[in-house]
Amino acid sequence: MSKGEMANSDLSMILPRVLIVSRRTVRKNKFVDFVGEYHLDLIVSYGAVPVIVPRVSGVHMLLESFEPIHGVLLCEGEDIDPSHYDAEPSGFSPEELEEIRKLHVSDTSIDREKDTIELRLAKLCLERNIPYLGICRGSQVLNVACGGTLYQDVEKELSKKVPEEQRVVHMDYENYDGHRHVVKVLENTPLHHWFKDSLEEDKMEIMVNSYHHQGVRKLAQRFVPMAFAPDGLIEGFYDPDAYNPEEGKFIMGLQFHPERMRNEDSDDFDYPGCPSAYKEFAKAVIAYEKKLNRSECVLEAPKLNQELERKRRILVRSFSIARNMYTSGGATGQESELQVGAEFLEANTALSLQQEKRLKQMGATVRNASVYKERLTMNEERERLARAIMGKMSISQLSDLRSFYHMMGNLCSEALERKLQDRVDEEPDF
């Protein structure tokens with residue numbers, strides 16, 4: 001390997017990673033996954049590495065394998081399954097539904113696997129404050145993930161209900177890339193800042209492309225609009241409390257495609273501000289990656305001295321025995337080692353009271369097998385009731401519940417790490 005190749009290899013290992021979920025289509029009787037080249041080019045040009053998450057069955061269970069995640073860009077895909085945001089029927093007649101399917105045949109075939117992958121990624125970004133940029137469908141995913149709703153067909157549910165002079169064509173298959181419609185940009189928003197040199201002060205308008213038949217109906221409470229179409233459809237929104245690219249904060253959705261707003265005869269953008277969303281997003285991704293690295297360095301720094309390490313091993317051993325007893329349903333003849341662990345718990349404050357209580361419940365001070373079995377039966381009954389309740393919950397509710405406990409697990413780990421560090425700091429040096 002040459003020095004140049006080695007330098008490029010080293011560089012690719014340290015650049016921040018942006019996850020992008022592919023879109024699946026059929027080509028020559030085979031599935032093909034793809035992501036638009038403009039998205040990839042812009043991410044690379046602004047200093048990040050795009051990591052494509054293939055739309056493959058089961059990938060939603062493997063998202064941890066894509067860690068570390070420094071940013072998420074969602075941008076391509078079919079209609080989101082209405083069950084994720086609207087429990088009520090659309091009110092469309094069978095004839096209207098068939099008309100919509102025929103007119104937008106490439107978008108109306110719902111991809112539930114892609115929905116699951118992208119909604120989980122969106123909620124992960126919201127939990128960890130990972131930078132997120134949603135383009136077109138990606139903006140709709142973001143809104144749904146936060147409790148918002150969508151028009152299932154903008155033309156039938158919105159455009160036809162407004163005066164004719166306010167109606168907007170949001171999808172023109174005859175002029176796919178060339179079609180534009182006006183949007184009004186709101187002041188003091190990121191979109192205003194990016195396009196300010198192209199806005200007339202009295203109009204605050206730009207022309208944007210449009211490739212969608214669905215859009216935001218009810219905007220989730222945490223978001224603020226950045227632009228509206230004449231028919232009232234929200235064309236851009238963001239979370240002002242999670243927007244500061246220099247500090248690694250960026251949560252935004254754009255209904256139009258700024259990366260494709262280019263002149264027909266060249267790759268020149270319609271406006272200088274078109275690539276700004278990607279530029280600021282990449283800036284946030286880079287800042288987030290640096291912040292994450294600093295955090296990991298702090299977590300890796302604490303080192304237990306020899307005595308504390310010995311006590312830690314005793315505790316881990318005791319907990320392991322207790323766990324085996326809990327899962328096997330019988331005593332192991334190693335209660336003496338459990339006693340050592342219990343004494344260590346009683347003599348140390350490295351763990352919180354809640355953690356100590358939890359460990360004891362798991363069997364760290366188990367003395368009586370009959371009491372243990374009684375408790376096991378009780379836990380089985382609680383588990384049965386919990387399963388019954390969760391069986392009645394919706395997919396969205398279950399996803400939120402899982403996300404909540406994942407977040408609580410992370411918080412618990414962080415708290416435990418801090419307490420261990422405090423313990424190390426209190427130990428006298430010899």
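Before anything else, the cut-off I need: a residue counts as buried when its relative accessible area is under 20%. Also noting that this is a predicted model.

**Cysteines**

I checked Cys-75 against that cut-off: at a relative accessible area of 2%, Cys-75 is buried. Cys-136 comes out at 9%, so Cys-136 is buried too.

How many disulfides does a search of the whole structure find? I got 0. A disulfide needs two cysteine sulfur atoms within 2.5 Å. For Cys-75, the nearest cysteine sulfur belongs to Cys-136 and is 9.5 Å away, so Cys-75 is in no disulfide. Looking from Cys-136, the nearest cysteine sulfur is that of Cys-75, and Cys-136 is in no disulfide either.

I traced an open sheet of 9 strands with mixed pairing, in the order 4-1-5-6-13-12-11-8-9. Why is one side of strand 4 (49–53) and of strand 9 (205–208) left without a neighbour in the sheet? Both stand at the edges and each has a single partner strand. Neighbouring strands are turned by 25° against each other on average, direction ignored.

Then I zoomed in on one pair. Strand 12 (residues 234–238) and strand 13 (residues 251–254) run antiparallel, joined by 3 bridges. Here Phe-237 sits opposite Gly-253 of strand 13.

**Helices on the sheet**

Helix 5 (residues 137–145) packs on the sheet and touches strands 5, 6, 12 and 13. I get about 120° between the directions of helix 5 and strand 6.

Helix 2 (residues 37–45) lies across strand 1 (17–21), strand 4, strand 5 (71–74) and strand 6 (132–135). Against strand 4, helix 2 runs at about 145°.

Conventions. Residues are numbered from 1 along each chain as its sequence is written. This is a predicted model: local features need pLDDT of at least 70, side-chain atom pairs count only at pLDDT 80 or more; totals for chains, interfaces and linings use all residues. Side-chain values use heavy atoms; hydrogens and water are left out. Two strands pair if DSSP finds at least two bridges between them. Helices (H or I, at least four residues) and strands (E, at least two) are DSSP runs, numbered from the N terminus. Axes are lines fitted to C-alpha atoms, for helices over the stretch in contact, and angles run from 0 to 180 degrees between N-to-C directions. Contact means heavy atoms within 4.5 Å. Buried means under 20% relative accessible area, exposed over 50%, partly exposed in between (1.4 Å probe, protein chains only).
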